Amino acid sequence: MANIKKGDVVQVITGKSQARGGDRGKQGRVIEVQVEKNRVIVEGINFVKKHVRVGQTQRGTKTGGIETVEAPIHVSNVALIDPDSKKPTRVGFRVEQVTKDGVTKNVRVRYAKKSGKDI
């Protein structure tokens, strides 16, 4: 089970401060997790300019130019947001027994280490 998943709200904890034009301290929702590269793409964080070749669609409209898109950021540079305090926290795992229809099953649950609440 991963510490950070798609849809989680995270905060950037390293890099340039916002006063210097960086993203440290900003919060955003995870759009994509690249497990094999240990990177995440966060909404509104780490914008880069991407040069796209000019082309045409079938309707004849021009495509391409310079676009701004979110670039991946390393997982170690973001921290999950605690649901209670809205501050960054570490993630823990707890094994709980869930009984459903008379069948007991062990389930791993993510929880915020600061508050102890389930995520």
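**Figure 1. The open sheet of six strands.** In this predicted model, 6 strands make up an open sheet, arranged in the order S6-S3-S2-S1-S7-S8. The pairing within this sheet is antiparallel. Its edges are formed by strand S6 (73–74) and strand S8 (88–89), each of which pairs on one side only. Strands of a sheet pair through backbone hydrogen bonds, in either a parallel or an antiparallel sense.

**Figure 2. Pairing of S1 with S7 and of S7 with S8.** Strand S1 (residues 9–12) runs antiparallel to S7, and the two are joined over 3 bridges. Valine 10 has leucine 80 of S7 as its bridge partner. Leucine 80 also stands opposite threonine 89 in S8. Strand S7 (residues 78–81) and S8 are paired in the antiparallel sense over 2 bridges. Isoleucine 81 faces proline 88 of S8 across this pairing. The hairpin of S7 and S8 has 6 residues between the strands, and in this hairpin lysine 86 takes a positive phi near 60°.

Figure 3. Arginine 29 is located in strand S2 (residues 27–34). The residue is partly exposed, at 42% relative accessibility. Valine 9 lies 20 residues from arginine 29 in sequence, yet the C-alpha atoms of the two are 4.4 Å apart in space. With neighbours within four places in sequence left aside, the contacts of arginine 29 are Gly7, Asp8, Val9, Ile41, Val42 and Glu43. One of these residues, glycine 7, has its backbone oxygen 2.6 Å from a polar atom of the arginine 29 side chain.

Figure 4. Arginine 110 belongs to strand S10. With a relative accessible area of 7%, arginine 110 is buried, since the limit for that class is under 20%. A polar atom of its side chain lies 2.7 Å from the backbone oxygen of asparagine 3. The side chain of arginine 110 also makes a polar contact of 2.9 Å with the side chain of aspartate 8.

**Figure 5. The salt-bridge network around arginine 94.** Arg94, Glu96 and Asp118 are joined in a network of salt bridges. Between arginine 94 and glutamate 96, the closest N and O atoms are 3.3 Å apart. Between arginine 94 and aspartate 118, the N to O distance is 2.4 Å. This second pair links distant parts of the chain, with arginine 94 in strand S9 (residues 91–100) and aspartate 118 in the segment after strand S10 (103–112), 24 residues apart. Arginine 94 is partly exposed, with a relative accessibility of 29%. Glutamate 96 is partly exposed, at 29%, and aspartate 118 is partly exposed as well, at 41%.

**Figure 6. The salt bridge of aspartate 23 and lysine 26.** Aspartate 23 and lysine 26 form a salt bridge in which the closest N and O atoms are 3.1 Å apart. Aspartate 23 counts as buried, with 19% relative accessibility, because the buried class covers values under 20%. Lysine 26 is partly exposed, at 29%. Over the whole structure, the search for salt bridges gives 4.

**Figure 7. Arginine side chains over aromatic rings.** Arginine 94, a member of the salt-bridge network with Glu96 and Asp118, lies over the face of tyrosine 111 at 4.5 Å from the ring centre. In a second case, the charged end of arginine 108 is placed over the ring of phenylalanine 93, 4.6 Å from its centre. The count of aromatic pairs in the model is 0.

**Figure 8. Glutamine 58 in the loop between S4 and S5.** Glutamine 58 is found in the loop between strand S4 (47–56) and strand S5 (62–70). Its relative accessibility is 87%, and the residue counts as exposed. Glutamine 58 and valine 109 are separated by 51 residues in sequence and by 49 Å in space, C-alpha to C-alpha.

How values were computed:
Residues numbered from 1 in each chain as written. Predicted model: local features only at pLDDT ≥ 70, side-chain atom pairs only at ≥ 80, totals over all residues. Heavy atoms only, no water. Pairing = 2+ DSSP bridges. Helix = DSSP H or I, 4+ residues; strand = E, 2+ residues; numbered from the N terminus. Buried < 20%, exposed > 50% of the residue type's maximum accessible area, 1.4 Å probe, protein only. Phe/Tyr/Trp six-rings, centres within 6.5 Å; stacked < 30°, edge-to-face > 60°. Lys NZ or Arg CZ within 6 Å of the ring centre and 35° of its normal. Polar contact = N/O pair within 3.5 Å; in protein donor to acceptor, adjacent residues only side chain to side chain. Contact = heavy atoms within 4.5 Å.
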